[in-house]
Amino acid sequence: MCETDRNISKAIKRYNYLIGEMEAVYHEMSLKAGLSDSAMKILYMVCDNDGRCPLQNISRYYGMSKQTVNSAIRKLEAEGILYLEPDGGKNKIVCLTEEGSRMASRTAGRMMKAENDIFVSWPEEDVQTYLELTERFLHALQDSAKNF
């Protein structure tokens, strides 16, 4: 056992458990939609950006390797779901085709609706508290990562 394991608080263990369980739910939703996790994330990101999204933003936003993103994009391109548009230099924009827009609505759009419905069901104060605490944790973690 790692020495640090003995020092991990119950709160961080619960936090990591909850993150893992949420990732499992997202994975299950992707499977039910007939998509890989990476394909779902790409469709989600492009759908969330009105059908067009800089390619570099996808790997950065989700922490996926460029190779994973490119592989999923090539597959989605071959299926006629999306296409790449030049955006100066080596930059590219990921764009949904008409079929891709319909597919994204049936898959990533449904996921987004489920997430939105949850927040709508919570009191606004709870939503703001949740987001503020999550952002505070993120910033503290980013600060810690600088000295890692």
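Author: Helices (H or I, at least four residues) and strands (E, at least two) are DSSP runs, numbered from the N terminus. By that rule the chain has seven helices and three strands, and Thr107 lies in the loop between α5 (98-106) and α6 (108-121). The model is a predicted one, in which local features need pLDDT of at least 70 and side-chain atom pairs count only at pLDDT 80 or more, whereas totals for chains, interfaces and linings use all residues. Residues are numbered from 1 along each chain as its sequence is written, and side-chain values use heavy atoms, with hydrogens and water left out.

Reader: Why is Thr107 called buried?

Author: Buried means under 20% relative accessible area, exposed over 50%, and partly exposed in between (1.4 Å probe, protein chains only). Thr107 has 8% relative accessibility, and therefore counts as buried.

Reader: With which residues is Thr107 in contact, its neighbours within four places in sequence left aside?

Author: They are Ala33, Leu35, Met40 and Leu43. Contact here means heavy atoms within 4.5 Å.

Reader: How do you know that the span of α6 agrees with what it should be?

Author: The expected span of a helix is 1.5 Å times one less than its number of residues. For the 14 residues of α6 this should come to 20 Å, and the end C-alpha atoms are 20 Å apart, so the two agree.

Reader: Which residues of α6 are buried, and what puts them on the same side of α6?

Author: Ala108, Met111 and Met112 are the buried ones in α6. They cover an arc of only 100° around the axis, and therefore lie on the same side of α6; the arc is that of the directions from the helix axis to the C-beta atoms. An α-helix has 3.6 residues a turn, so residues three or four places apart point the same way.

Reader: Against which helices do the buried residues of α6 pack, and which exposed residues does the face turned away carry?

Author: The buried residues of α6 pack against α1 (10-32), α2 (37-48) and α5. On the face turned away from the buried side are the exposed residues Arg110, Lys113, Val120 and Ser121.

Reader: Why is Asp50 called exposed?

Author: Asp50 has a relative accessible area of 76%, which is why Asp50 is called exposed. This residue is found in the loop between α2 and β1 (52-54).

Reader: What is the phi of Asp50?

Author: Phi of Asp50 is near 60°, a positive value in a residue other than glycine. Most residues other than glycine have a negative phi.
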